Structure formats: C-alpha cells, structure tokens
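Dear colleague,

Please find below the structure I promised to pass on to you. My notes on what was found in it follow directly after.

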Amino acid sequence: MVTAERVWEALAEVPDPEIPVLSLVDLGVVRGVEVDGEHVHVGFTPTFLGCPALEVMREQMAERIRELGAEPDVEVLREGWSSDWITEEGHRKLRDSGFAPPSGSAPATLLQIQTGSHPCPYCDSTDTRLDNLFGPTPCRSIRYCNACRQPFEQFKTL
Amino acid sequence: MNAQELLRLADDELILGWRNSEWTGIAPFLEEDVAFSSIAQTEIGHARAWYELAAKELGSDADSLAFDREPEDYLCSPLVELRLADDWARTIARHWLYESADAIRIGALKASDDPDVAGLAEKIDREEAYHRMHAAMWEERLRGDARFREAVDELWPFALGVLSEAQRSLLCEAVDRDEVEAIEQGERNDLRPLWEEMTMVRRSVPGASW
C-alpha cells in the first residue's frame, strides 16, 4: 500500500535536472501529494515557464511513483513557484556546491539585487557585485566576489 | 478571455522571443549574449503557456498554433516583428518600450475574472520583473545617447500599438511621452522572412515535434 509519506520520500530522491545536487522536494516544486488507493496525485509548479527541464521533471516523478506500484497523475498547478519555497536543506546543498541560494524574499527589486547582501558561496564575503541579471539557465544570475575574486552563480529571487 | 486575445499575447511573446534570439552569439559583449538568449527563452516559454490556454479553447495544441498558421494569421504587434538585430540602440529601445507596455497589459490580466488567465499572468509577471530590471538598467545607461533617443522616437508609435486604446494613456504616463497615432496589428508586415525560418522544420517534416 502506497502512502503519501513514501511518495514524498521517493520524490525527495529525484534530482533537479539542471542542478542535480538539489532534489525536486528541496527546490519546493512539489506542492502536494494525495494518495487514493493506487492513484497518486502530485501538484507540481515549475520554477520558470521557459524551463526546458519541466517535462523531464514530470516524467521522472511519474516514473518514481510507478516504481512504487501506483498510478501517477502529475498536475502542473496554476500557482506560480517562488524561490522562498526552497528548503533550508536546499539552501545548504546549493551553498556546498558553489551556488548562492536566493537571498531576500520575493519579489526582487533592482535596488535589492544591486545593493542587498549577497554572500559569496565560496568565502562568505558580502563584498560581491552583480555581473549579469541572466545566467546559464532562467533561474540564475551571475555575481562576482571582490574578496576572493571568484565569479559565482546566484539563484534568482522569484 | 477569448482565444483571439490569447493568441495575440502568445504571438507577441513568440515573435519577440525569436527576434531577441537573433542576438545569440553576436551581442556587443558576452553578458548581453547570455541576457538576450535567456530573455528569448523565457519569452518563448510564456508564449507556450498562452498558446496552451488558447489551444484548450480551440481544440488544438501549442506547437500547431505557434508554427502551423500562415504568416498573415499571426496577431502580433508590428513592434515585435521588426528585425533589429544589427542595431543595438533600436533593440534596447524596443526592449524598454515593449517591457513598459507589457507590464501594463500583464498588470491588467492579473485582475482577470478567468482564474487560468489571472494565475498565468501572475506567474509571468514575476519572471518579467527581471526583463524589466534589465531594460531599466539599459535605458538609464543609454538615455543620453542620441541614437537611442532617435530609436525611441521612431518606435514609440509601434509601442502604443502593443496595447488596447484604453491602456495607452498608462504607457504615456509610465514612459513620460505624449500619445501619438499608434501603429497597430495588421498595418505592417515584416514577419514573412522570420516565419519562413521559424516554421521551416514543421513545413519540411509535417507533424515533427521536438
């Protein structure tokens, strides 16, 4: 018998396709799990609408649920994802792999991005500057640490 | 919200996304190469989401609506059709004017009675905030540049054409300019060469998906 708890555990092992140190649960994109007999409904909200990882995430979640012997139904919710939903564990994993987690609460403003405190994930210095609002994927910006002279990727506040 | 209005939004975002992607590899410096490519990607993502809503009403699918229509059936604004990829001042002028106009349009859609439309507008607005920040940084940098000012003058009637008549006064306030006669959808046709490129795979291999 599949339980919601087992489904959450299984989804916590599905890596984000573009930042694999993070699971989909760490990322906060799984919003709810409902189990009705053999039928498992997952409410899911992708990070960015243009994110090409969307279909991969859906299919990987469905696959894990099928492995539990249940019938998956992954629904993309109307509600928009917020970077505020990345878990504490997610923040730690991001820092450990050289990504700065989102800093400050959504919505971001230019003032906050340019002058707020954005610590470097390598040396923790807050003497960092915005290099580019846009980065290698829609969810990341590029910053530069003046202290350790290291460019780094900053998860966007959304 | 009717399907024609949804298509209009989707077409604007799709065509602008393609136009922005024309800078990929040739932007004035690497950061802008990345920025314009990323903005293009999110605009096309927004287009897909609007096409999906329209497709529900029309009994179609997003790819068919995006790529299987004739060029004269697209409902995008003349502003987004213009090919500006060799001219950075005009590109930034369009970017700033479009984002200013789009903020007004999206703001109104967030209050829609249709929960699908309002929900999607809310989601898109949060992503567009980054496009607006980028546009604002560039406008601030170039506002004293004569070529940029000329480009804004040239594109201003096009920018008004992005919005409904009722919304145009809000754009005038937002960018502090006087209202002039707008260049509206259907008044120009600069789309065909882009359409030929954009639909080439679908026309060569009908039913292709990727």
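Predicted model: local features only at pLDDT ≥ 70, side-chain atom pairs only at ≥ 80, totals over all residues.

I begin with one pair of residues in chain A: A:Gly32 has A:Gly43 of strand 2 as its bridge partner. For chain B, the pLDDT averages 95, and 100% of the residues score at least 70.

The two pairs above belong to an antiparallel arrangement in which six bridges connect strand 1 of chain A with strand 2 (residues 39-44) of chain A. These strands make a hairpin with two residues between them, and A:Gly37 in the turn has a positive phi of about 65°. On its other pairing, strand 2 of chain A runs parallel to strand 3 of chain A, again with six bridges; there, A:Val40 has A:Pro72 as its bridge partner.

Taken together, the three strands of chain A form an open, mixed sheet in the order 1-2-3. Strand 1 (30-36) and strand 3 (71-76) of chain A each have a single partner strand, so one side of each lacks a neighbour in the sheet. From one strand to the next, the twist averages 15°.

As for the faces, strand 2 of chain A has A:Val40, A:Val42 and A:Phe44 on its covered face, whereas A:His39, A:His41 and A:Gly43 lie on the uncovered one. Helix 3 (residues 54-67) of chain A lies across strands 2 and 3 of chain A, at about 155° to strand 3.

With kind regards

Notes: Residues numbered from 1 in each chain as written. Chains lettered and ligands numbered in written order. pLDDT = per-residue confidence, 0-100. Pairing = 2+ DSSP bridges. Helix = DSSP H or I, 4+ residues; strand = E, 2+ residues; numbered from the N terminus. Axes fitted to C-alpha atoms, helices over the stretch in contact; angles between N-to-C directions. Contact = placed C-beta atoms within 7 Å. Buried ≥ 20, exposed ≤ 12 C-beta atoms within 10 Å, placed from the backbone.
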